[in-house]
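Colleague: Please take me through this model. I shall ask as we go.

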Amino acid sequence: MFLSAKAALACFLLVLSSWAVSGYRDNDLTAEIPAARRECFYQPTKQGQVLEIEYQVIDGGDLDIDFRMNAPNGNKIVQEFRRNDGIHTVDATMEGDYEICFDNGFSRFTKKTIYFEIILDSGEEDDELDDDEGEWKKFISPDDTFGDKLTSLEDTMNQIKSYQSKVIQLQGLLRAFEAKDRNIVERNFNRINFWSVTNIFIMLVVFSLQVYMVRNMFSDKKKVRT
Amino acid sequence: MKIFFVSCVLILIVQNCSALYFHIGEKEKKCFIEELPENTMVTGKYKAQLWDKRSSQFLDSTPGMGMHVEIKDPKSKVLLSKSYGSEGSFTFTSNIPGEHQICIHSNSTKWSLFAGGKLRIHLDIQVGENANDYTQIAAKDKLTELQLRVRQLIDQVQQIQKEQNYQRYREERFRQTSEHTNARVLWWSVAQTAVLVIAGIWQMRHLKGFFEAKKLV
């Protein structure tokens, strides 16, 4: 499980680093799925976008969930059973609502907490960059000495902004990993305490029972002779 | 002119209409967890639509439709518990770092509206720097465009810094729990061995006394 978490992180980093400065929206949520329930989320998309869904179970039971993704026309794109995490990409989306379902039906008592992120990439350069550039130039009187420097300043600032957005997004991902590990460790702590106390209690009960039964065997004189 | 430019800058950060949505039943409560550093502002926007059987589609702004939003901090203290209309937005700032819980459910007064119908809720939660409304900031502080962009970059860096501090706090808690577990494993093992040995000795002595009393030994 640990290996696959690292693989998932590496995979996600690879995808993240391959993006240019382009417009993308990301929406991350941490949702609680009650026991024996199925929760579905829908993401509206336009034609030709890149949709990426990344999820991991961070709390609850064995940390696994069933996952299903359906296209707007009802076709099943992905179906996974009892997985801890997963990343899926749709390269050319149809127009419509993509359905993403998490199914906790197999567990009767434990609720699961799932961190999932939906990244929608329009796949082209920001249109608003061109708008801003036009406005920017209108506002400042053209100056040959400074003109290029200001344009490069603007480009640099846009780059900084996009890199920082990626940093923030990556921090969110690392936060989810850390939350999962923390929940596992806390659960281990509780389990160790509980089972140790139970163990000692059972030991004492068994010892007392042993002595009691041996005494019982020898208490009736008629039964003593072999 | 300036407003036009500011609104162009806003396009970089404005909410997209294609927000995530999900369905909710009549008495259902949907909860989301947001792990936040301290002093982080969170803005949530939602829109509720009701399924109309007659026109077989989801309709906006049904009268009497309301949603109740409840936000709890890591210590289960209620930060916000208000009812809004069918479309609204809520904002809160975290005081303590940790896992905050955002719960949303319907408190419609006209239950007949449901009658087996579904409610579709579009939800968009923005955390930290994304939650800032830069038109207001620009208007209030009278910033030029360059200043506004630099302000946005500064806000982003501050958010990254807060998140790193929070990471340090979480790592410390993780380390404490691990060390406690380690100590507990040792002490419980010692305790169990001691109980075993003492109980064994007590058993033998008790039975020896018992058999001697019975004159079998």
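Colleague: Which element gives the largest share of the lining of the second largest pocket?

Modeller: It is α3(B), with four residues; helices (H or I, at least four residues) and strands (E, at least two) are DSSP runs numbered from the N terminus. This is a predicted model, in which local features need pLDDT of at least 70, side-chain atom pairs count only at 80 or more, and totals for chains, interfaces and linings use all residues. Residues are numbered from 1 along each chain, chains are lettered from A and ligands numbered from 1 in the order written, and side-chain values use heavy atoms, without hydrogens or water.

Colleague: Which residues lie nearest the centre of that pocket?

Modeller: Of 23 lining residues, Asp59(A), Arg182(A), Asn183(A), Ile33(B) and Glu99(B) lie nearest the centre. Two or more residues each come from β3 (50-59) and α3 (144-219) of chain A, and from β2, β8 and α3 (145-213) of chain B.

Colleague: How many of the lining residues are charged?

Modeller: The lining has 11 charged residues, with six polar and six nonpolar.

Colleague: Turning to β2(B), how many of its residues are buried?

Modeller: Seven of the eight, over residues 29-36; buried means under 20% relative accessible area with a 1.4 Å probe, protein chains only.

Colleague: And how does it pair with β8(B)?

Modeller: The two are antiparallel, joined over eight bridges, with β8(B) spanning residues 98-106; DSSP must find at least two bridges for strands to pair. Glu34(B) is opposite His100(B) of β8(B).

Colleague: What does Tyr46(B) touch, beyond four places in sequence?

Modeller: Its contacts (heavy atoms within 4.5 Å) include Met67(B), Tyr84(B), Phe90(B), Ile104(B) and Leu123(B).

Technical notes. Buried < 20%, exposed > 50% of the residue type's maximum accessible area, 1.4 Å probe, protein only. 1 Å grid on protein atoms, 1.4 Å probe; cavity = no way out; pocket = protein on both sides within 12 Å on 5 of 7 lines; lining within 4 Å. Nonpolar A, V, L, I, M, F, W, Y, C, P; charged D, E, K, R; others polar.
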